[in-house]
Amino acid sequence: MNTKKIAARAALAPAFAIVNERLNQTGAREALLDRVMGDIRFRRASNRIREGRQAAIALAAQNSSGKLIGTVQLWHVATEGPQRTPLQGALLLGPLAVDPEQQGRGIGAALMQTAIGEARGRGFSAIILVGDPEYYDRFGFSASLAAKLAMPGPFERRRLLARELVPGALSDISGVLRAGFESPH
Ligand SMILES: CC(C)(COP(=O)(O)OP(=O)(O)OC[C@H]1O[C@@H](n2cnc3c(N)ncnc32)[C@H](O)[C@@H]1OP(=O)(O)O)[C@@H](O)C(=O)NCCC(=O)NCCS
């Protein structure tokens, strides 16, 4: 989205803010994900990396009344097996979702840009996700950077995308993704 378009949309729409998700917003976040994605999110390969764990970064978009209208979470991720170079300090992003009545106002872009900034600020090396390249390429994600990676379950190769935060962070990395524990800080 270009700057003019973002400004035009912002002028028409009431304000929203991107904040760190609070403990008391978990219910609202899950209700939003149920509405936007339904149960399929629990059957995706990414869920094997998320299940039973706490997100490394969880952001909420909220409107001027404090209602949660968007969400994004990022999870520690590593690679499985005896690689010569282990994947370190990387995050798996998802799910990303915006209230259907609020879509097209730049909330998804604001969540993505804040998530990338937060991950970089905390010293993470790369972000990986499964999603539509037609949406995520505007945030610098590409399938070529994720070409040597695989999900721990069925996935579409064209939708496995990555973005480096540290140049070259993924260049020698290959393998199947699994839950990671390490945190750069
Ligand atoms: C994807 C999603 C988070 C975007 O949120 P949003 O607040 O509407 O995003 P923005 O306002 O920043 O951007 C809207 C733009 O993204 C485009 N877009 C949205 N989803 C897209 C997709 N899957 N593929 C390509 N473009 C997409 C819109 O057409 C719009 O384009 P425009 O700027 O040319 O008008 C939201 O549509 C959503 O929650 N979708 C359902 C859940 C989902 O599919 N999440 C994962 C995405 S793969």
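**Briefing: ligand site and fold of a predicted protein model**

The ligand sits in the largest pocket. Here a pocket is an open set of points, on a 1 Å grid over the protein atoms alone, with protein on both sides within 12 Å along at least five of seven lines; a molecule sits in a pocket if more than half of its atoms lie within 2 Å of its grid points. The model is predicted, so local features need pLDDT of at least 70 and side-chain atom pairs count only at pLDDT 80 or more, while totals for chains, interfaces and linings use all residues. Residues are numbered from 1 along each chain as its sequence is written, and side-chain values use heavy atoms, with hydrogens and water left out.

**Ligand shell**

- The ligand is surrounded by 21 residues, and the closest are Val 98, Gly 104, Gly 106, Gly 108 and Asp 132; a residue is near a molecule if one of its heavy atoms lies within 4 Å of it.
- By residue class, the shell around the ligand holds ten nonpolar, five polar and six charged residues. Ala, Val, Leu, Ile, Met, Phe, Trp, Tyr, Cys and Pro count as nonpolar, Asp, Glu, Lys and Arg as charged, and the others, Gly among them, as polar.
- At least two shell residues come from each of α1 (3-12), β4 (90-98), α5 (107-121) and α6 (133-136). These elements are DSSP runs numbered from the N terminus, with helices (H or I) of at least four residues and strands (E) of at least two.

- A polar backbone atom of Gly 106 is 2.7 Å from an oxygen atom of the ligand, and a polar backbone atom of Arg 105 is 3.3 Å from an oxygen atom of the ligand.
- On the side-chain side, an N or O atom of Tyr 135 is 3.3 Å from an oxygen atom of the ligand.
- Of the 860 Å² of accessible area that the ligand has on its own, the protein covers 71%. Accessible areas come from the Shrake-Rupley method with a 1.4 Å probe, and for residues only the protein chains shown count as cover.

**Overall fold**

- The protein chain contains six helices and eight strands, in the sequence order α-β-α-α-α-β-β-β-α-β-α-β-β-β.
- Among the 185 residues of the protein chain, 45% count as buried. Buried means under 20% relative accessible area, exposed over 50%, and partly exposed in between (1.4 Å probe, protein chains only).

**Strand residues**

- Gln 62 belongs to strand β2 (residues 57-63) and counts as buried because its relative accessibility is 13%. The side chain of Gln 62 makes a polar contact with the side chain of Gln 25 at 2.9 Å.
- Gly 70, in strand β3 (residues 68-79), has 0% relative accessibility and therefore counts as buried. Gly 70 and Leu 96 are 26 residues apart in sequence, with their C-alpha atoms 7.6 Å apart in space.
- Pro 95 is found in strand β4, and the peptide bond from Gly 94 to Pro 95 is cis, with omega near -5°.

**Helix and loop residues**

- Gly 117 lies in helix α5 and is partly exposed because its relative accessible area is 36%.
- Ser 125 occupies the loop between α5 and β5 (126-130) and is buried, with a relative accessible area of 12%. Ser 125 and Pro 167 are 42 residues apart in sequence and 8.2 Å apart in space, C-alpha to C-alpha.
- Arg 158 is located in the loop between β6 (149-150) and β7 (160-164) and is partly exposed, at 42% relative accessible area. From Arg 158 to Pro 133, the C-alpha distance is 7.4 Å at a sequence separation of 25 residues.

Methods: Polar contact = N/O pair within 3.5 Å; in protein donor to acceptor, adjacent residues only side chain to side chain. 1 Å grid on protein atoms, 1.4 Å probe; cavity = no way out; pocket = protein on both sides within 12 Å on 5 of 7 lines; lining within 4 Å.
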